[in-house]
Amino acid sequence: MDQVRTETNSLTELQAEDGAGNGASLVAPQRESAMLILRQGSEAGRRWVLSRTAPLNIGRHSDCDITLPDRQVSRSHARIFWREDGYFIEDLGSKNGTHVNGQEVAVPVRLEDGDELQVALRFKLAFVDAGATAPLTLEDSQLGLQLDRETRQVWVNGMMIDPPLSLHQYRLLNALWEAGGGVVTREQIVDTVWPEASGEGVSEQAIDALVRRLRERIAECDEEFRYIVTVRGHGFRLENR
């Protein structure tokens, strides 16, 4: 899976904290510094200690303090910084947005202990303030859908879809994933799923049947959440937990 790069200094601090630097979910009960915990992503459980003197940059570019190598994430996506009496997060004009507790970040937002940060569609982080008790477990770190494009494996709530998706099912899911929550039109689905057809001979019924079957495969692991949403008159989009 994609690897999340951490800043060298931060990683050293974390290794000292847990003795391994392996993103373990157990942390010290009391914190002198605030931190972020990756709750959803390929390295769920990894932590970053925040500094009051240096902002922390999040993005796809390798120069960022937290590098999230996914096309849904902008090169410079978001920034966390200290101001007066608290930590704030601001979106840096990203394409797919930054959210705090489900609300889009349009202006800098002051972070409170326990806030959930979402970067694009795939990555979720928890903010743990200084002096707060960090969670001992991250039971929901595997909630939602995760896609490994190198192996074409798909995970839902920590369970791998097995047998694997068919080629057409995977192409459809990957197109929705790449859209980062945006709408994928039927025309785009045809071009992506059936590139050899060049738009000919693929009916709307065939598209609907493929979407229905993909929903059924995902529901084998999670019946409660509807991941593929129909946008009438436009197409489909992916919604993740």
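This is a short walk through one predicted protein model, from the whole chain down to a few residues.

Okay, some ground rules. Residues are numbered from 1 along each chain as its sequence is written, and side-chain values use heavy atoms, with hydrogens and water left out. Since the model is predicted, local features need pLDDT of at least 70 and side-chain atom pairs count only at pLDDT 80 or more, while totals for chains, interfaces and linings use all residues.

So, how confident was the predictor? pLDDT is its confidence in each residue, from 0 to 100. The mean for the protein chain is 81, and 80% of its residues reach 70 or more. Over residues 1-31, though, the pLDDT is below 50, and this stretch still has 77 contacts in the model beyond near neighbours in sequence; a contact here means heavy atoms within 4.5 Å. Where pLDDT is low, the predicted coordinates should not be read in detail.

Now the whole chain. You'll find four helices and 18 strands in it. Those are DSSP runs numbered from the N terminus: helices are H or I with at least four residues, strands are E with at least two. Of the 241 residues, 46% are buried, and buried means under 20% relative accessible area, with exposed over 50% and partly exposed in between (1.4 Å probe, protein chains only). Among contacts with a separation of 6 or more, 51% are between residues 24 or more positions apart.

On to the sheets. Two strands count as paired if DSSP finds at least two bridges between them.

Is Gln118 buried or exposed? It counts as buried, because its relative accessibility is 17%. The Gln118 side chain reaches the backbone oxygen of Ala120 at 3.1 Å. Leaving aside neighbours within four places in sequence, Gln118 is in contact with Gly97, Thr98, His99, Phe123 and Lys124.

Another residue I like is Ser74, in the loop between β5 (66-67) and β6 (78-83). Its relative accessibility is 14%, so Ser74 counts as buried too. A polar atom of the Ser74 side chain lies 3.0 Å from the backbone nitrogen of Lys95. Not counting residues up to four places away in sequence, Ser74 touches Gly59, Arg60, Ser94 and Lys95.

There's also an open sheet of three strands, β13-β14-β15, again antiparallel. Here β13 (145-148) and β15 (159-160) are the edges with a single partner strand each, so one side of each has no neighbour in the sheet. Two bridges join β14 (residues 153-156) to β15, and Trp155 has Met160 in β15 as its bridge partner.

Last stop, helix α2. It covers residues 167-178, 12 residues in total, and spans 16 Å from its first C-alpha to its last, close to the 16 Å expected at 1.5 Å a residue; that expected span is 1.5 Å times one less than the number of residues. Buried residues in α2 include Tyr170, Leu173 and Trp177. Just after α2, Gly180 takes a positive phi of about 60°.

Key: A polar contact is a pair of N or O atoms within 3.5 Å; within protein, one must be able to donate a hydrogen and the other to accept it, and residues adjacent in sequence count only if both atoms are side-chain atoms. pLDDT is the predictor's confidence in each residue, from 0 to 100.
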